Amino acid sequence: KTANSNLPELYMVHGNTDDNDSTVGLAPFVDFVNRHGGDVTEDKTYYSKTLGGYKFIFLSTSEGRTDRNVTAAQLQWLDEELADNEKNNNGKPVFVFMQYKMEGTVLSAVSEYITDMDGMISVLKKYNNVYAFSGNHMADIASYQSVFGGDTNLPVTINAGATSRTR
């Protein structure tokens, strides 16, 4: 349970629709996430949590109010988080959540993917036991392309799309 409510902790990622109203800004997203167990600010909308001995990382793929963007600062932070998991958590699996998918993973026909794939690959390929989840494409999670088995550069990736489109 969270300190500020009777609701269970709820973790989410920052996406393009969380700050598309320039008159409101990120305040509602920041407030909601922090009331439900997250730890974000308007300047840093990504965070991690260790739950049950496993690390969960929540990336912002709309950082700097730019769709599909993962900043260099966030990639450096991700690298540090994954290195910490390797060193201090015996390399247990780590789960990375993001709104936009990584190119070359799930749902190859959908072209909305993060823009700095080179930066993302340079970080992810250094670590084992990373499992990624993305969901902006809202595709049927029962699609045969909803799971990417991973390769030497990219982790196993799962489409966590819209359950409303599941048959």
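1. A residue counts as buried when its relative accessible area is under 20%. Lysine 55 has a relative accessible area of 6%, so lysine 55 is buried. The model discussed here is predicted.

2. Overall layout. The protein has three helices and six strands. Read from the N terminus, the order is α-β-β-α-β-α-β-β-β. Of its 167 residues, 43% count as buried. Among contacts with a separation of 6 or more, 63% are between residues 24 or more positions apart. The accessible surface is about 8700 Å², and carbon and sulfur atoms hold 49% of that.

3. The lysine 55 pair. Lysine 55 forms a salt bridge with aspartate 84, with the closest N and O atoms 3.2 Å apart. This pair links distant parts of the chain: lysine 55 sits in strand β2 (residues 54-58) and aspartate 84 in helix α2, 29 residues apart. Aspartate 84 is partly exposed, at 33% relative accessibility.

4. Asparagine 89. This residue is in the loop between α2 (72-88) and β3 (94-98). Asparagine 89 is buried, at 17% relative accessible area. Leaving out residues up to four places away in sequence, asparagine 89 touches Gly53, Tyr54, Lys55 and Asp84. Both partners of the salt bridge in point 3 are therefore among its contacts.

5. Other salt bridges. The structure holds four. One of them joins the side chains of aspartate 79 and lysine 126, at 2.8 Å, N to O. Aspartate 79 lies in helix α2 and lysine 126 in the loop between α3 and β4, so this pair ties together parts 47 residues apart in sequence. Aspartate 79 is buried, with a relative accessible area of 19%. Salt bridges with shared partners also join Lys55, Glu81 and Asp84 into one network.

6. Aspartate 31 and arginine 35 meet in a salt bridge of 3.0 Å, N to O. Both lie in helix α1 (residues 27-35), four residues apart, about one turn of the helix. Aspartate 31 is partly exposed at 41%, and arginine 35 is partly exposed at 32%.

7. In soluble globular proteins, nonpolar side chains tend to be buried together. The largest nonpolar core here has 17 residues; Ile57, Leu59, Leu78, Leu82, Met120 and Val130 have the most contacts inside it. At least two residues each come from α2, β3, α3 (117-124) and β4 (130-134). Helix α2 gives the most, with four. Beyond four places in sequence, leucine 82 touches Ile57, Val94, Val123, Leu124, Tyr127 and Val130. A second, separate core has 11 residues, including Leu26, Phe29, Val33 and Val40.

Notes: Residues are numbered from 1 along each chain as its sequence is written. This is a predicted model: local features need pLDDT of at least 70, side-chain atom pairs count only at pLDDT 80 or more; totals for chains, interfaces and linings use all residues. Side-chain values use heavy atoms; hydrogens and water are left out. Buried means under 20% relative accessible area, exposed over 50%, partly exposed in between (1.4 Å probe, protein chains only). Contact means heavy atoms within 4.5 Å. Accessible areas come from the Shrake-Rupley method with a 1.4 Å probe; for residues, only the protein chains shown count as cover. A nonpolar core is a set of buried Ala, Val, Leu, Ile, Met, Phe, Trp, Tyr and Cys residues joined through side-chain atoms within 4.5 Å.
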